[in-house]
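Have the viewer open as you read.

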Amino acid sequence: MKIVTFNIRGDFGIDGKNNFEFRKPLLLDRIGQEKPDVIGFQEVLPHVQKWLRDSLPGYTVVGCSRSAEYQDEAMTIAVRNETSELLGLEVFWLSPTPYVPGSRYENQSECPRTCAMAIVKNQEFPTPIRVYNTHLDHIGAQARIQGLSQILRQMEDDSDKLALPSVLMGDFNAYPDSVEMSPIQEFASLGLRDITAHLPTTFHGFHPGEKDDCKIDYIYITEPFQVKDVRCWDEEVNGVYLSDHYPICAELTL
């Protein structure tokens, strides 16, 4: 099973030759070649989500925008119909009131944050899996800790109800050795393993090799997943990249 975390970069028209309209062909070509079974997108604006649905007819594309009016960015999950079936979807806000749309922690940015959890049955696997896709706050370190802890508590609760192999992925806006990642150790019972630990860079801001390059995107897995391969999609064509983040592609077996 091939799973991808992909910060698609919000389409705000401020990236010059890397504006979304110029990245579309490269994006579709790469997805068409790789044929991932599940893609977790971040920073998906409503018109981009519509474009994904229209442009990826072989996928079921689901997601809920984060504001109280269900506008703005969404944690979007795309499931390849030929190999997998979407059995369930839940979206919750990273906040003290997770089922109040647009809610957030007091010490974070003005942007609400969400997590989307999909239950997916791949035809090669004997059991469904859970996929959690998120994008933690870009300003508040404490909000990142609270948000990640909330997701991990939800993963514990979900596992108590029905234990399934699980994937946690997304843009955490935190370096691997930062305090914001400490909840992973606090919830050691989940057995999460970072299969992207060997990747030095996932964010490049359309200018790889400069000082702002860093690792802030992750894919964590639980047992009994095994890893066949993990790599970044790092190609560019005439200075045009897939995004300002490298999408991370993992091939997993059970």
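## A buried arginine

Let's start with Arg30, which counts as buried because its relative accessibility is 15%, and the cut-off for buried is under 20%. Keep in mind that this is a predicted model. Arg30 sits in helix H1. Which residues does Arg30 touch, not counting those up to four places away in sequence? They are Trp233, Glu235 and Leu242.

## A buried aspartate

Leaving aside neighbours within four places in sequence, its contacts are Arg9, Gly10 and Phe206.

## The sheet around E1 and E2

Now for the sheet that holds E1 and E2. Six strands form an open sheet in the order E3-E4-E2-E1-E14-E11, and the pairing is mixed. At the edges you'll find strand E3 (59–65) and strand E11 (226–232), each of which pairs on one side only. Neighbouring strands here are turned by 15 degrees against each other on average, ignoring direction.

Strand E1 (residues 2–7) runs parallel to E2, with five bridges between the two; one detail to pick out is Ile3, whose bridge partner in E2 is Val38. On the way from strand to strand comes helix H1 (residues 20–34), and E1, H1 and E2 together make a right-handed β-α-β unit. E2 also pairs with E4, this time in the antiparallel sense and again over five bridges. There, Phe41 has Thr76 in E4 as its bridge partner. How many of the residues of E2 are buried? Seven of its seven are, so to speak a strand that is mostly covered.

## Two helices in contact

Helix H2 (residues 46–55) lies across strand E2 (38–44), E3 and strand E4 (74–80), and runs at about 170 degrees to E3. H2 also packs against H1: the angle is about 30 degrees and the axes are 13 Å apart. The crossing of H1 past H2 is right-handed.

Which residues meet where H1 and H2 are in contact? From H1 come Phe20, Lys24, Leu27 and Leu28, while H2 brings Val48, Trp51 and Ser55. By class, that contact has five nonpolar residues, one polar and one charged.

## The sheet from E5 to E10

There is another open sheet of six strands, in the order E5-E6-E7-E8-E10-E9, with mixed pairing. Strand E5 (84–93) and strand E9 (193–194) are at its edges; each has a single partner strand, so one side of each is left without a neighbour in the sheet.

Inside this sheet, strand E6 (residues 114–122) and strand E7 (residues 129–135) run antiparallel and are joined by six bridges. The bridge partner of Ile119 in E7 is Arg130. Helix H3 (residues 141–161) lies across E5, E6, E7 and strand E8 (166–171), and its direction is about 165 degrees to E7.

Conventions:
Residues are numbered from 1 along each chain as its sequence is written. This is a predicted model: local features need pLDDT of at least 70, side-chain atom pairs count only at pLDDT 80 or more; totals for chains, interfaces and linings use all residues. Side-chain values use heavy atoms; hydrogens and water are left out. Two strands pair if DSSP finds at least two bridges between them. Helices (H or I, at least four residues) and strands (E, at least two) are DSSP runs, numbered from the N terminus. Axes are lines fitted to C-alpha atoms, for helices over the stretch in contact, and angles run from 0 to 180 degrees between N-to-C directions. Contact means heavy atoms within 4.5 Å. Buried means under 20% relative accessible area, exposed over 50%, partly exposed in between (1.4 Å probe, protein chains only). A crossover is right-handed if, with the strands pointing away from the viewer, the path from the first strand over the helix to the second runs clockwise. A crossing is left-handed if the near helix is turned anticlockwise from the far one by less than a right angle, and right-handed if clockwise. Ala, Val, Leu, Ile, Met, Phe, Trp, Tyr, Cys and Pro count as nonpolar, Asp, Glu, Lys and Arg as charged, and the others, Gly among them, as polar.
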